[in-house]
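Me: Could you walk me through this model before I set anything up with it?

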Amino acid sequence: MPFARLAAATTPTCHLGLGLAAVGRPGYINLGRDRDLGADRSVDALRARTHELLDAAYAQGVRYLDAARSYGRSEEFLADWLRARPEIDDVVVGSKWGYTYTADWRTDAAQHEVKDHGAATYARQRAESAALLGDRLDLYQIHSVTPDSPALTDKELHARLAESAASGLTVGFSTSGPAQADAIRAALAVTVDGEPLFRTVQSTYNALETSAGPALAEAHDAGLTVIVKEGMANGRLAGPDAPEALREVARSTGYGCDAVALALILRRPWAGVVLSGAATVDQLVSNLHAPAVDLDDEQAARLDALAEEPQAYWRQRGQLPWH
């Protein structure tokens with residue numbers, strides 16, 4: 001598995017990755033994005049922003065990079081960056097399929113992405129990702145699996161994914177929604193010729209949404225690499241939007257709310273890679289302080305008490321506007 005390369009890394013930031021959801025397209029649901037990106041959301045501006053972030057992340061020891069077909073031009077931007085730096089051969093590159101980007105580089109589109117977990121969409125998007133990333137693609141994940149996803153029961157799709165795995169591509173899945181735990185456990189049961197199909201799981205987990213934790217621990221115990229996304233709850237745990245309890249703990253540690261929020265996740269023994277979704281280099285640098293934050297049990301308990309009921313959390317997330 002490509003994540004064995006991360007296991008050999010010794011830098012404190014080797015357990016942090018960079019996700020490109022916030023910079024691969026002009027519109028996204030993160031809070032504060034108008035302030036972070038400004039008015040220029042042109043392709044060239046966001047390509048330059050993505051490359052700046054990738055340079056900074058790599059220089060600070062980040063070695064996992066995460067994109068998706070639905071993150072606008074994230075794969076293209078990442079591929080450009082890799083081609084311009086052929087000496088960089090120690091990163092792990094992941095992407096996702098299952099959503100098609102439909103906003104046509106607009107922030108006011110009626111629909112930004114369309115979900116389809118069918119085998120035909122996999123074949124099309126696998127070819128699109130291969131055209132951009134070639135053999136630099138290490139991990140291909142089904143994007144946002146839910147318990148009712150046909151990707152959990154489609155034997156034709158499973159066979160195609162197993163063929164890709166046999167050729168050396170690691171196959172994984174991501175989850176979203178209030179029933180993430182159910183989706184994770186259903187995916188763990190998927191086998192092809194008696195062997196588990198999936199080798200990684202990427203799920204939303206943060207101080208406000210902890211419901212997937214026990215299932216992620218089970219996935220880890222089953223040998224999957226666990227990747228945590230949305231550790232900042234789409235900006236709800238950063239800066240002025242952070243709950244007072246988080247701000248108080250952050251003040252006591254001397255670090256930012258973002259670093260403390262990510263540090264809480266790093267305490268989980270099952271967390272293999274925790275993603276930063278930074279949109280600026282300053283945010284990234286602050287996020288990367290997370291491994292230095294030494295939370296004591298009392299501080300961690302105060303943060304654990306922030307957890308919301310999953311249905312309420314996902315209802316509020318669904319109401320966040322595309323900025």
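Me: What should I know about the source first?

Reply: The model is predicted, so to speak of local features a pLDDT of at least 70 is needed, side-chain atom pairs count only at pLDDT 80 or more, and totals for chains, interfaces and linings use all residues. Residues are numbered from 1 along each chain as its sequence is written, and side-chain values use heavy atoms, with hydrogens and water left out.

Me: How many helices and strands are in the protein chain?

Reply: The protein chain has 13 helices and twelve strands, where helices (H or I, at least four residues) and strands (E, at least two) are DSSP runs numbered from the N terminus. Its radius of gyration is 18 Å, close to the 20 Å that the globule rule gives for 323 residues, so the chain is as compact as a globular protein of that length. That radius is taken over C-alpha atoms, and the globule rule is 2.2 Å times the number of residues to the power 0.38. Along the principal axes, the C-alpha atoms fill a box of roughly 50 × 40 × 40 Å.

Me: And what share of the residues count as buried?

Reply: Of the 323 residues, 55% count as buried; buried means under 20% relative accessible area, exposed over 50%, and partly exposed in between, with a 1.4 Å probe and protein chains only. Among contacts (heavy atoms within 4.5 Å) between residues at least 6 apart in sequence, 80% join residues at least 24 apart.

Me: Which residues touch the most other members of the largest nonpolar core?

Reply: They are L18, L78, L161, F173, F198 and L246, in a core of 93 residues. A nonpolar core here is a set of buried Ala, Val, Leu, Ile, Met, Phe, Trp, Tyr and Cys residues joined through side-chain atoms within 4.5 Å. Helix α10 (residues 257–266) gives the largest share of this core, eight residues. Apart from this core lies another one of eight residues, among them F3, Y64, L139 and V273.

Me: What does L161 touch?

Reply: Leaving aside residues up to four places away in sequence, L161 touches W97, Y122, I142, V171, L197 and F198.

Me: Switching to strands, what covers the picture around β7?

Reply: Six of the six residues of β7 are buried, so this strand is largely enclosed by the rest of the structure. In a regular strand the side chains alternate between the two faces of the sheet. For β7, T170, G172 and S174 lie on one side and V171, F173 and T175 on the other, and both faces are covered.

Me: Which strands sit beside β7, then?

Reply: On the one hand, β6 and β7 pair in the parallel sense over five bridges, two strands being counted as paired if DSSP finds at least two bridges between them. On the other, β7 (residues 170–175) pairs with β10 in the parallel sense over three bridges. F173 is the bridge partner of I142 and also stands opposite V201 in β10, while S174 stands opposite Q202.

Me: New topic: what about α4?

Reply: Eight of the eleven residues of helix α4 (residues 74–84) are buried, so this helix is largely enclosed by the rest of the structure. Among the buried ones are E75, D80 and W81, and the cover includes α3 (43–59), β2 (64–66), β3 (92–97), α5 (119–133) and β6 (139–145).

Me: Last one, where do the residues with positive phi lie?

Reply: Two can be named: D193, with a positive phi of about 55° although it is not a glycine, lies in the loop between β8 (191–192) and β9 (195–196). N234, with phi near 55°, lies in the loop between β11 and α9 (244–253). D193 is exposed, with a relative accessible area of 78%, whereas N234 counts as buried at 4%.
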